[in-house]
Amino acid sequence: MDWQELTDLTRGQPFVIERVRLAGSGVAVEGQFEPPQLAQLSVDDQVFVAAFVRSHGSIKEMERIFGVSYPTIKSRLNRIAEQLDFVDTDPAPTGADVVDRLRRGELSVQEALAELEKSR
């Protein structure tokens, strides 16, 4: 069964993967695994995201591919974005990180206090 068949079968209902088998070694792992966020999108939205990546994020190219207007592309991107959790690529430092940097002399007491205040 391919991914599209599985997506069609589940009809947008949440599902859990309970067994994963590594094709090369035959090792199987059982448990409860959530599919990746992109896999939880509808097939149409998966195709849209793939096209967006292949077009290097060019909305003009997306307009050409799908034959729709800029507002339509932006609206769909916004709708898809609402379904995805984003990873914070610049997380606030932990208190322990700030204290370590203070001990190493990388921060003054005032800078350390400011960083701790920002992370609240």
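Biologist: Before we read the pattern, what counts as a helix or a strand here?

Modeller: Helices are DSSP runs of at least four residues, and strands are runs of at least two. In this predicted model, the protein chain then reads α-β-β-α-α-α-α-α along the sequence. That comes to six helices and two strands.

Biologist: Okay, helices H2 and H4 next. Why is H2 called roughly perpendicular to H4?

Modeller: H2 (residues 43-54) and H4 (residues 70-82) pack at an angle of about 115°, with their axes 11 Å apart. Angles of 65 to 115 degrees count as roughly perpendicular, so H2 gets that label relative to H4. Their crossing is left-handed, by the way.

Biologist: And what makes the contact between them?

Modeller: On the H2 side you have Asp44, Asp45, Phe48, Val49 and Phe52, and on the H4 side Ile73, Arg76, Leu77, Arg79 and Ile80. Sorted by class, that's six nonpolar, no polar and four charged residues.

Biologist: Now Glu5, over in helix H1 (residues 3-10). Why is Glu5 called partly exposed?

Modeller: Buried means under 20% relative accessible area and exposed means over 50%. Glu5 has 45%, so Glu5 is partly exposed.

Biologist: How far is Glu5 from Arg79, in sequence and in space?

Modeller: They're 74 residues apart in sequence and 23 Å apart in space, C-alpha to C-alpha.

Biologist: Zooming out, how does the radius of gyration of the chain compare with that of a compact globule?

Modeller: A compact globule of 120 residues would come out near 14 Å, but this chain has 22 Å. Its C-alpha trace spans about 55 × 45 × 25 Å along the principal axes. Buried residues make up 16% of the 120.

Terms used. Residues are numbered from 1 along each chain as its sequence is written. This is a predicted model: local features need pLDDT of at least 70, side-chain atom pairs count only at pLDDT 80 or more; totals for chains, interfaces and linings use all residues. Side-chain values use heavy atoms; hydrogens and water are left out. Axes are lines fitted to C-alpha atoms, for helices over the stretch in contact, and angles run from 0 to 180 degrees between N-to-C directions. Angles under 35 degrees count as roughly parallel, over 145 as roughly antiparallel, 65 to 115 as roughly perpendicular and the rest as oblique. A crossing is left-handed if the near helix is turned anticlockwise from the far one by less than a right angle, and right-handed if clockwise. Contact means heavy atoms within 4.5 Å. Ala, Val, Leu, Ile, Met, Phe, Trp, Tyr, Cys and Pro count as nonpolar, Asp, Glu, Lys and Arg as charged, and the others, Gly among them, as polar. Buried means under 20% relative accessible area, exposed over 50%, partly exposed in between (1.4 Å probe, protein chains only). The radius of gyration is taken over C-alpha atoms; the globule rule is 2.2 Å times the number of residues to the power 0.38.
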